[in-house]
Amino acid sequence: MLSKCSNCGSSMEYDPEKKKLVCPNCKSEAEEIVVKDRTENTCPECGAPLENADKRVTYRCPYCHNWIILENKLEGPYSVKKIMPFTMGRKKAMGNMKTAFDNIPFMPNDFISSEREKDLKGVYVPFFVYDVEAKGEYKYTGEMLNSWDTGNTTYTKHDVYDIDRPYSGVVSAPIDASDEINDDIVDALAPFDNGDMEEFDPKYLPGFEMHIFDKDPDSEEYKKRAIDWADVTVQDALEGSVTGFTGIGISSKQGDLNIKEHAYTYRPLYVYDYKYGKKSYQVYLNGTNDRVSGIAPIDKKKLTAHYIFEIVCAIIGAVSSVQIFALLI
Ligand SMILES: [Zn+2]
Ligand SMILES: [Zn+2]
């Protein structure tokens, strides 16, 4: 399926801030996708073969640059009910990235710049959201240390408390299901607000890449990540409820974490891939809020210049003190 501008015939793209399809050529707007069907494995506009489109739901034809939706990737096991549409454009996303990296020294000058906005690639990433039933109990030891002086004597009081924290509930564990996405970087983008989820509509897709899942939702790898996610979530929540002590430690934990069901959803990320030397640095940006996660390269010339400057300052300082010393003599 192909989204076409009814005015000029260009490929429409979804505008996250207008929440409409917008023609990048004539700026016409549309509420719904206008469909032009395609024949198998060819671009419906120019007839070019679709290459390397196995893992893609959306595909930008490298010849005519039209966004094509491969509707067969949305059927059967790939059927998707919910999507979290992008709510911010590239300009705002680049602003969030600038803020996030504001205090990082020695970055290359062009790592963050308005010219780089076009390099932010919007990607709908497949996530399996597992409902993990959690039931059990943590026991903590809480310590309170108080000390006070009376006369010349210092007294210390050391109280030890046993704290029980039973728990029971369901943890929602979102696990990204694309091998192309770095799990550690994407996990740091959480939380996504599930209130931003919408009923799936293909109008959200043109202008963004969309990948299908790489492994089955029943794969041991994804299930283990969901259990680990739930385990950390429970532990963080319980630990956050044990307050007012000078020290706490876990004395015992017992319980069960069981996956009940999962949902297939899509979440929006801007992916920024920056090549520096022989290495590639990736930054991911949440497409609905200001969370940013990634690694910045260090410009070695800037780093060297900084230390040369510091050494020069140190030498100047040393010379000054030698001069002062000489004057005093
Ligand atoms: Zn147009
Ligand atoms: Zn084409």
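Donors are N, O and S atoms within 2.8 Å of the metal (3.2 Å for Na, K and Ca), and because water is not among the atoms, sites may look incomplete. This is a predicted model, in which local features need pLDDT of at least 70, side-chain atom pairs count only at pLDDT 80 or more, and totals for chains, interfaces and linings use all residues. Residues are numbered from 1 along each chain as its sequence is written, chains are lettered from A and ligands numbered from 1 in the order in which they are written, and side-chain values use heavy atoms, with hydrogens and water left out.

Four donors count as tetrahedral if all angles lie between 85 and 135 degrees. For four tetrahedral donors the ideal angle is 109.5 degrees.

Cys46 is in the loop between β3 (29-30) and β4 (58-60), while Cys61 is in the loop between β4 and β5 (67-69), so that the pair, 15 residues apart, links distant parts of the chain. Strands here are DSSP runs of E with at least two residues, and helices are runs of H or I with at least four, numbered from the N terminus. Cys46 is partly exposed because its relative accessibility is 39%, whereas Cys61 is buried at 1%. Buried means under 20% relative accessible area, exposed over 50%, and partly exposed in between (1.4 Å probe, protein chains only).

Now turn to the zinc ion (ligand 1). Its donors are the SG atoms of Cys5, Cys8, Cys23 and Cys26, at 2.2 to 2.3 Å. Why is the arrangement called tetrahedral? The reason is that the 4 donor atoms subtend angles of 101 to 117°. Along the chain, the donors of this ion are spaced C-x2-C-x14-C-x2-C. Cys5 lies in the segment before β1 (13-15) and Cys26 in the loop between β2 (20-22) and β3, 21 residues apart. Cys5 is buried at 5%, and Cys26 is partly exposed at 27%.

The last stop is Phe86, in the loop between β6 (82-83) and α1 (90-100). Phe86 counts as buried because its relative accessibility is 1%. Beyond its neighbours within four places in sequence, its contacts (heavy atoms within 4.5 Å) include Tyr14, Pro16, Tyr124, Phe208 and Tyr270. The C-alpha atoms of Phe86 and Asp15 are separated by 8.3 Å, with the two residues 71 residues apart along the chain.

Definitions and conventions: Four donors count as tetrahedral if all angles lie between 85 and 135 degrees; four count as square planar and six as octahedral if opposite donors are over 155 degrees apart and all others between 65 and 115; anything else is irregular.
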